[in-house]
Amino acid sequence: MQIFSSMDQHDHEEVVFVSHPESRLKGIIAIHNTVLGPALGGTRMWPYESEDAALNDVLRLSRGMTYKAAAAGLNLGGGKAVIIGNPKTDKNEKLFRAFGRFIQGLGGRYITAEDVGTSVRDMEWVRMETDFVTGIDEALGGSGDPSPVTATGTFHGMKATAKKLWGNESLSGKKVAVQGLGHVGYYLVKHLHEDGAEVIGTDIDENSVKRVVDEFKVKAVGPDEIYEVDADIFSPCALGAVVNDETLPKFKFKIIAGPANNQLADEEKHGEALREKGILYAPDYVINAGGLINVANELEGYHRERSLNQAKGIYDILLDVFDIAEKENIPTHKASNRLAEKRIGDIRATKRIHTQRTIIARDRAGQR
Ligand code: NAD
């Protein structure tokens, strides 16, 4: 792979390759953009087939974090790290502590957290060597499970879609099809039940289904049936790529609003197809930003109430996204990118004004 041309393609600022043969650590840290603040994004551990595959992934994921943080109104940039290895067999204290030391060496330009293949325990090892880690266990003063905050953000985001489409944000009497009743799905269903919505739910795990049927009178359907149920809103809370060539023709939904990552199998194609079908799509990285808001709050001394309130702000952000989509006649997934790019451009433009605070902020970051 041509590394510099890959970086130039999407304006990555910095890519750091780290190696520590004694612990078999091979990692890549990608810092995409730090206009708004330090680059935050989790560390993924995965047995990548090749170094190119690992680099591609870290470049793609770090860029996604820039957009997510910018759209969420956070003063954070986008970054991500990958460790090439098998999370089931290759983990040990030495590896994560070595990795932590490399992160510390970046002086706060990159802040890590857990991600696919890494756990809270791994981050505790990382934390022994660096101040620049978030998403720590509640028992250690961290923010703990982000799912309730993600669910709150998703719920208020869903209300924004209702407001846009029906002129009324109440979900009372609306039928919502929820796919995946795990961490976020459960709390989301709780909110929907309290708001008077009728929930149709599915999961491949029977216990998860039983819990919401018992607690919130959810109507259960099979995993393959969820795409064609007669509901107003579809909320993907399990897997990515659920809006695809096979599922789309089955949809009777008017809205898609859920926390799952990468819902559109092909962004361009399926984002446009949803618009043509008149289905209002709440871009996934905007509506599910509660998780990021939660860990961002941890950096300033964690308060769950503050995180929850900030996550409720996803309501207004989505209304802005829908306005851009309407005015510019573009699909909503593109409108959210424009919103993020505009914020970064606006803030970049203010940076030419010198203030003393720039220095103070840098000192503070150094103390963390
Ligand atoms: P989870 O693993 O707790 O829940 C996912 C649920 O989906 C599980 O109960 C699983 O059994 C079910 N599932 C898997 N395949 C399914 C299928 N084919 N049909 C129906 N159900 C199926 O995960 P989570 O933390 O609740 O996250 C849900 C989604 O939201 C994921 O895509 C995640 O990346 C995304 N997300 C989560 C957070 C968070 O704070 N947890 C933040 C942002 C994004």
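**Ground rules**

I work on a predicted model, where local features need pLDDT of at least 70, side-chain atom pairs count only at pLDDT 80 or more, and totals for chains, interfaces and linings use all residues. I number residues from 1 along each chain as its sequence is written, and my side-chain values use heavy atoms, with hydrogens and water left out.

**Entry 1: the ligand**

I then looked up polar contacts. I count a pair of N or O atoms within 3.5 Å; within protein, one must be able to donate a hydrogen and the other to accept it, and residues adjacent in sequence count only if both atoms are side-chain atoms. T150 places a polar side-chain atom 2.6 Å from an oxygen atom of the ligand. For D203, an N or O atom of the side chain is 2.7 Å from a ligand oxygen atom. V184 uses its backbone: a polar atom there is 2.8 Å from an oxygen atom of the ligand. The ligand taken alone exposes 820 Å², and the protein buries 73% of that. I take these areas from the Shrake-Rupley method with a 1.4 Å probe; for residues, only the protein chains shown count as cover.

I sorted the shell by residue class.

**Entry 2: the core**

Next I looked up the largest nonpolar core. Such a core is a set of buried Ala, Val, Leu, Ile, Met, Phe, Trp, Tyr and Cys residues joined through side-chain atoms within 4.5 Å. Buried means under 20% relative accessible area, exposed over 50%, partly exposed in between (1.4 Å probe, protein chains only). This core has 82 residues, of which I29, F99 and L192 touch the most other members. Helix α12 (residues 314-328) gives the largest share, eight residues. Domain 1 (3-138) and domain 2 (147-330) each contribute at least three residues to this core. The domain bounds come from an automatic or database domain assignment.

**Entry 3: positive phi**

Most residues other than glycine have a negative phi. I noted two residues with a positive value.

R24 has phi near 60 degrees and is not a glycine. I place R24 in the loop between β1 (14-20) and β2 (25-33). R24 counts as exposed because its relative accessibility is 72%.

K217 is not a glycine either, and its phi is positive at about 55 degrees. K217 sits in the loop between α7 (206-216) and β9 (219-220). Its relative accessibility is 71%, so K217 counts as exposed.

**Entry 4: single residues**

Is T43 buried or exposed? T43 is buried, because its relative accessibility is 0%. T43 is in strand β4 (residues 43-46), and a polar contact of 2.5 Å joins its side chain to that of T112.

K68 belongs to helix α2 (residues 51-71). At 13% relative accessibility, K68 also counts as buried. I get 15 Å between the C-alpha atoms of K68 and I111, which are 43 residues apart along the chain.

V16 is in strand β1 and is buried, at a relative accessible area of 19%.

D266 is in the loop between β11 (255-256) and α8 (267-277). With a relative accessible area of 35%, D266 is partly exposed.

Terms used. Helices (H or I, at least four residues) and strands (E, at least two) are DSSP runs, numbered from the N terminus.
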